[in-house]
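Dear colleague,

Please find below the structure I wished to pass on to you. My notes on its salt bridges follow.

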Amino acid sequence: PALLSAPPPAVPVSTTKAERQDVPVWLHGLGTVQALNAVTVRARVDGTLMQVPVTEGQLVKQDTLLAVIDPRPYKAALDQAAAKRAQDEAQLANAKLDLRRYASLAKQDFASRQQVDTQTAMVNQFTAALKGDDAAIESAQLNLSYCYITAPFDGRVGLRLVDPGNLVHAADTTGIITLTQVQPIALVFTLPQPNLSPIVEAMTKGALPVAALSGDDKRELARGRLLTPDNAIDTTTGTIRLKAQFDNQDNRLWPGQFVEAQLLLRTERQVVTVPMRAVQHAPGGLYVYLVKADSTVVRQPIETEDRGTVSVVTRGLDAGQEIVLDGQSRLENGTRIAANVAETPKTPQT
């Protein structure tokens, strides 16, 4: 009798099941951390720098005293302007008294009309002089206030550029110290221009989260929110710049730091997903090996969209169907398998 050939041995593979889960849609770009506000503190009057009562690297509040320029010349100019006003005020008072006398005498024909007009002009002259004195006093007070430089916002003091004892001028461009606002802090990053329309649409539904990741080991440094896209697309690169803001209470972001930005565009709810390595490529399109009830496999064409660690199946597969995860190289339609069920990877949630 003819010997019956033994069936081929089952091919060992690992399998998993298609699952429904929430999948976040992230957009990735490179960006640079920027201070939300930055200023170089410069002198607005000439004089000797007397004090810099803050230390380098110090966190200061708005209106904190940062530098003191010798105020004595400007205090003297204020006193001089005040004395000039007092002098003109006394002369105005005397001129008004003389005007009243001339006006009374003119009614009795003891003074000419010309004397009255001349004295009226004198009163007007001293009145105008008082207005000029008031302006001179305001200018002197302003110059005196410039001797005490305060912080325009909360921020971190940079390295000192000028030491106390040096002469500073209003025309100096180097400044005395720098101040940067780091809490909160900003991140400017770029994305390809096709992403602009879905971003603008998503912004109408609420604030979009942005994650900042370190450029070396992809650690998440901070979470913030998108502020706005730029008002124009860069025509040379076809990209759009976007600005995000972070609280940065732990100071993990620093001005000038290069990071990877991840913008959460939306979250797809309860979609069918499979691990990306389960998806196979062929000239006719994508497919997976579907496990049948008799432990054989069949090619199943599918359509997918990649979402990082998983693929979202838009056509060809339902949740709960078992597919081959690893070991596809020895498979074809009808191949019998020995399955080892693997754990299905989960997508990182927002």
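Is Glu 260 buried or exposed? In this predicted model, Glu 260 is buried, its relative accessible area being 12%, which is under the 20% limit for that class. Glu 260 pairs with Lys 218 in a salt bridge, with 2.8 Å between the closest N and O atoms. The glutamate belongs to strand E15 (residues 258–275), while Lys 218 sits in the loop between strand E12 (209–214) and strand E13 (220–229), so this pair ties together parts that are 42 residues apart in sequence. Lys 218 itself is partly exposed, at 44% relative accessible area.

A second pair lies within a helix. Lys 84 and Asp 88 form a salt bridge with an N to O distance of 2.6 Å. These two residues are 4 apart in helix H1 (residues 72–107), which means that about one helical turn separates them. Asp 88 is buried, with a relative accessible area of 4%, whereas Lys 84 is partly exposed at 37%.

Arg 160 and Asp 163 make a further salt bridge, in which the closest N and O atoms are 3.0 Å apart. Here Arg 160 is partly exposed, with a relative accessible area of 33%, and Asp 163 is likewise partly exposed, at 41%.

Beyond these pairs, a network of salt bridges links Arg 266, Glu 268, Glu 305 and Arg 307. A search of the whole structure gives a total of 16 salt bridges.

With kind regards

Notes: Residues numbered from 1 in each chain as written. Predicted model: local features only at pLDDT ≥ 70, side-chain atom pairs only at ≥ 80, totals over all residues. Heavy atoms only, no water. Salt bridge = Lys/Arg side-chain N within 4 Å of Asp/Glu carboxyl O. Buried < 20%, exposed > 50% of the residue type's maximum accessible area, 1.4 Å probe, protein only.
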